[in-house]
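Then read on for a tour of its surface, its fold and its charged pairs.

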Amino acid sequence: MGKIIINKERCKGCMLCITFCPKGFISADKKLNKKGVKPVKFEENPECLGCSMCAIVCPDCCIEVYK
């Protein structure tokens, strides 16, 4: 089971992590951050692989993955 922490204030809303998450547990948040964009959010799920693909593709290093 993986745990993902997303820094929503650093997120620019590129949504790359959504595309690369093999389980689809990352989605766009409804709230805007201070930059005025919709950041991503992680849906807590015990089936998260902790594969770190989301963190690898994030251009702004907004995502931390813990196994």
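Which residues make the nonpolar surface patch of about 350 Å²? That patch is built by Leu 16, Phe 20, Met 53 and Ile 56. Before we go further, keep in mind that this is a predicted model, where local features need pLDDT of at least 70, side-chain atom pairs count only at pLDDT 80 or more, and totals for chains, interfaces and linings use all residues. Residues are numbered from 1 along each chain as its sequence is written, and side-chain values use heavy atoms, with hydrogens and water left out.

**The patch**

A patch here is made of residues with over 30% relative accessible area and no salt bridge; nonpolar side chains (Val, Leu, Ile, Met, Phe, Trp, Tyr) are joined within 5 Å, and like charges within 9 Å. The areas come from the Shrake-Rupley method with a 1.4 Å probe, and for residues only the protein chains shown count as cover. Helix H1 (16–20) and helix H2 (53–57) each give at least two residues to the nonpolar patch. Met 53, for one, sits in helix H2, and it counts as partly exposed because its relative accessibility is 30%. As for the words: buried means under 20% relative accessible area, exposed means over 50%, and partly exposed is in between (1.4 Å probe, protein chains only).

**The overall fold**

Zooming out, the protein has 2 helices and 4 strands. Helices (H or I, at least four residues) and strands (E, at least two) are DSSP runs, numbered from the N terminus.

The C-alpha trace spans about 30 × 20 × 20 Å along its principal axes. Buried residues make up 30% of the 67 residues. The protein exposes about 4300 Å², with carbon and sulfur atoms supplying 56% of it. Now for contacts, meaning heavy atoms within 4.5 Å: of those with a separation of 6 or more, 58% are between residues 24 or more positions apart.

**Charged pairs**

Side chains of opposite charge can pair when their charged atoms come close. How many salt bridges does the structure hold? There are 3 salt bridges, each defined as a side-chain nitrogen of Lys or Arg within 4 Å of a carboxyl oxygen of Asp or Glu.

| Asp 29 | Lys 8 | 2.8 Å |

Let's start with Asp 29 and Lys 8, which form a salt bridge. Asp 29 lies in the loop between strand E2 (26–28) and strand E3 (40–42), while Lys 8 is in the loop between strand E1 (3–6) and H1, so the pair ties together parts that are 21 residues apart in sequence. Asp 29 counts as buried, at 14% relative accessibility, whereas Lys 8 is partly exposed at 30%.

Asp 60 is partly exposed at 23%, and Lys 12 is partly exposed at 43%.

In the remaining row, Glu 43 is partly exposed at 36%, and Lys 41 is partly exposed at 26%.

A disulfide is a covalent bond between the sulfur atoms of two cysteines. Here the cut-off is a pair of cysteine sulfur atoms within 2.5 Å, and a search of the whole structure finds 0 disulfides. Cys 48 is in no disulfide either, as the nearest cysteine sulfur, in Cys 21, is 6.5 Å away. Cys 48 is buried, with a relative accessible area of 9%.
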